[in-house]
Amino acid sequence: MTRQKIEIKKIDNPTARQVTFSKRRRGLFKKAQELSTLCDAEVALIVFSTTGRLFDYSSSRSMKQVIDRHNLHSQNLHKFDQPSLQLQLESSTYAILSKEMADRTRELRQMKGEELQELNMEELMRLEKSLEGGLSRVVQTKGERLLNEIDALRRKEAQLTEENLRLKQHFIWR
């Protein structure tokens, strides 16, 4: 069986989309690692999932070193000639993504209860409300699953009771 070409468009099924994202992300990270190893290249890769989760890979000791080197290289390019519109767009996109990554990382740390000293009272109350909303959704989902399990166990109990009565009657008649 040969591989078939697929149409490159958004996958409508969320489960299939997540599976494809995971597989392709692993493949992308593997390719980045291979490029780094085979060509002795310094590689940095940043991926944000649709849920905002950060995945990154760096061939050197730290992502920051690669980003700093990139910034230094970009600054040196500006010295030699006027940057192209494409380079300006890439730099602004990079700056936006860097800021978004820093913001998401800070938000995640704050949700874990870290780096709270820089928040004022209003921000702390907003964070608390957000966490309470998330916690209530978790508790609600947990409750629903527990009720489903209880219902399933009751149905199974009824089946077993029925089968037990049937077996008792079967042995009584023998």
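Guide: Of the 174 residues of the protein, 13% count as buried. Buried means under 20% relative accessible area, exposed over 50%, and partly exposed in between, with a 1.4 Å probe and protein chains only.

Visitor: What kind of model is behind that?
Guide: This is a predicted model: local features need pLDDT of at least 70, side-chain atom pairs count only at pLDDT 80 or more, and totals for chains, interfaces and linings use all residues. Residues are numbered from 1 along each chain as its sequence is written, and side-chain values use heavy atoms, with hydrogens and water left out.

Visitor: Which elements, and in what order, from the N terminus on?
Guide: The order is α-β-β-α-α-α. That comes to 4 helices and 2 strands. Both are DSSP runs numbered from the N terminus: helices are H or I with at least four residues, strands E with at least two.

Visitor: Compact globule or more spread out?
Guide: More spread out, because the radius of gyration is 27 Å, well over the 16 Å that the globule rule gives for 174 residues. The radius is taken over C-alpha atoms, and the rule is 2.2 Å times the number of residues to the power 0.38. The C-alpha atoms fill a box of roughly 100 × 60 × 30 Å along the principal axes.

Visitor: New topic. How many aromatic pairs?
Guide: The structure holds 2. In one of them, Phe 29 and Tyr 57 have ring centres 6.5 Å apart and planes at 85°, so that pair is edge-to-face. Rings of Phe, Tyr and Trp (its six-membered ring) pair if their centres lie within 6.5 Å; planes under 30 degrees apart count as stacked, over 60 as edge-to-face and the rest as tilted.

Visitor: Where do Phe 29 and Tyr 57 lie?
Guide: Phe 29 lies in helix α1 (residues 14-39) and Tyr 57 in strand β2 (residues 54-58), so the pair ties together parts 28 residues apart in sequence.

Visitor: Is Phe 29 buried or exposed? And Tyr 57, buried or exposed?
Guide: Phe 29 is buried, at 16% relative accessible area. Tyr 57 is buried too, at 18%.

Visitor: Backbone next. What about phi of Asp 40?
Guide: Phi there is near 55°, positive in a residue other than glycine. Most residues other than glycine have a negative phi. Asp 40 sits in the loop between α1 and β1 (44-48). Asp 40 is exposed, with a relative accessible area of 72%.

Visitor: And Glu 115, where is that?
Guide: In the loop between α3 (85-111) and α4 (121-172). Glu 115 has a positive phi of about 55°. At 29% relative accessibility, Glu 115 counts as partly exposed.
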